[in-house]
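Hi,

Here is the structure I said I'd pass along. Have a look at it first, and my notes follow below.

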Amino acid sequence: MPLPPPSPSRWLLPGLLLLGFTPPAVAMPTGPGAFCAEYPTAPACQGTQPACTYCHVAPPQRNGYGAALEPHLAPGKPRPLTEADFAAALPAALRAIASEDTDGDGAPNQFEVEQGSLPGDATSVPPSGVCGGGENPQFKVCQYDPRFVYRRMLSDFCGRSPTYVQVATFLELGSEDKQRAFIDQELDRCLQSDFWRGKHGQLWKVAHPKIRPVGSIKSGEDAGVIPLADYYDDYALFTWSQTDDHDARDVLTAGFYVKRSGSNPTTYTAANSVSSQFVEASRRAGNMTSAWTLTSFVMFTALPRNAASQMYRAYLGLDIAKQEGLHSVPNEPRDYDAKGVQAPQCAACHATLDPLSYPYRNYNGLGGLPNRYVPNRLELLFPNEVATLKNTPEQGVILGQPVNNLTEWARVAANSDAFAISTVTDYWKLLVGHAPLPEENEEFVRTWQAFRTTHAYRVQKMLHDLIRTEAYGAP
């Protein structure tokens, strides 16, 4: 069915589209590239693209920045603008209002763009560079303080504060280099704790919005009243992928399952099969094809748009309902299931969503042959649906890249900037307490880029970088 109207997005997340400036709003896929060509060093363009909140309150309603741009977008050209006319006109329009202060917060538009604040939002202001923390005899306010980090790290990763004796021993180490080395050692110890990796530990907390557990339909351990699938398998694979020297991409690409056992310490062991999972090895894509995902997100659906959009949101940080991550595919949506998605208010999102969903075509949820890959599923299990349903392809498109099946979908997703950004954002929010602020953008970009490259998607190594940022370590 058509998606609900989008809600405004607060953060500058990857893959968002600038929208046209004439009612009704027209998606302009060339907008982000043109914006970032004009402002290549802007924080919004460092592995991401500008959000719709740059120009809109909620499409088609424009904020002050969007309203100021509109008169400079190819004046005299008929409205609505074509995609080509919009892309050609945008750079000059951005330059035309660069020195204006369209939101009245005292900062010119160009300065806000370059500093990472929003030129159409008066409550979003560039970092002042002035620390407002004042004096504190305990810590080095507004600069990285190893003692503060030591106390905070033990609380965040081990679940307890240091004792007086532990703090005194830490201070006796003397040099900052020795203190940082000791913090690294203690971090590795805490990352083995059940507080971090055990049942209902911190990693399980990170996984909650990805798995979205519902206890009443859980099977296995702690089963609910209608036991349909066991989401503890999903938590086990997620935790495995985030710990030790494991590749975080396994959460999307694993052709194996993970068993959890014991406590204090809890252990996780890879397994070729488990009794609660039914997808054959060659068709597995980590938690994208778990019994829980198929049960709760595919359910009885012929074209599982909900499953595809949840994976896109949960693991890439892109929410299509907020018009994030739109990469319109030509001649889409085709509306194979006759749900009305070609309506003007729906088509802009479904031109991305439907091709994302096609690779789920043969993965069945509830009903006959539940929670497994069923070749020719639509023909076999939906014989009385609309005639065009059987024409639904298994080939799809994600992030603008064609894929033949869901396992390819998973590999493209796992290797994307969006996956690295979303993964590091999860831990930034857990440990720093909020999504990256404009003044933290440089450290954040450096952290997610190292996660992809230097650390080869190892979360444990990335966390050593994260606790060395000023965002984490400056009281």
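The accessible surface of the protein chain is about 20000 Å², and carbon and sulfur atoms hold 53% of that (Shrake-Rupley method, 1.4 Å probe; for residues, only the protein chains shown count as cover). Keep in mind that this is a predicted model, where local features need pLDDT of at least 70, side-chain atom pairs count only at pLDDT 80 or more, and totals for chains, interfaces and linings use all residues. Residues are numbered from 1 along each chain as its sequence is written, and side-chain values use heavy atoms, leaving out hydrogens and water.

Of the 475 residues in the protein chain, 52% are buried (under 20% relative accessible area with a 1.4 Å probe, protein chains only; exposed is over 50%, partly exposed in between). The chain has 20 helices and eight strands (DSSP runs, numbered from the N terminus: helices are H or I with at least four residues, strands E with at least two).

Helix α7 is worth a look. Its 15 residues, 176-190, reach 21 Å from first C-alpha to last, close to the 21 Å expected at 1.5 Å a residue (1.5 Å times one less than the number of residues). Buried in α7 are Q179, I183, D184, E186, L187 and C190. Their cover includes α5 (146-158), α6 (164-171), α8 (194-197) and α19 (459-466).

Then there's V225, in the loop between α9 (202-211) and α10 (232-241). V225 counts as exposed because its relative accessibility is 74%.

Cheers

Notes:
Contact means heavy atoms within 4.5 Å.
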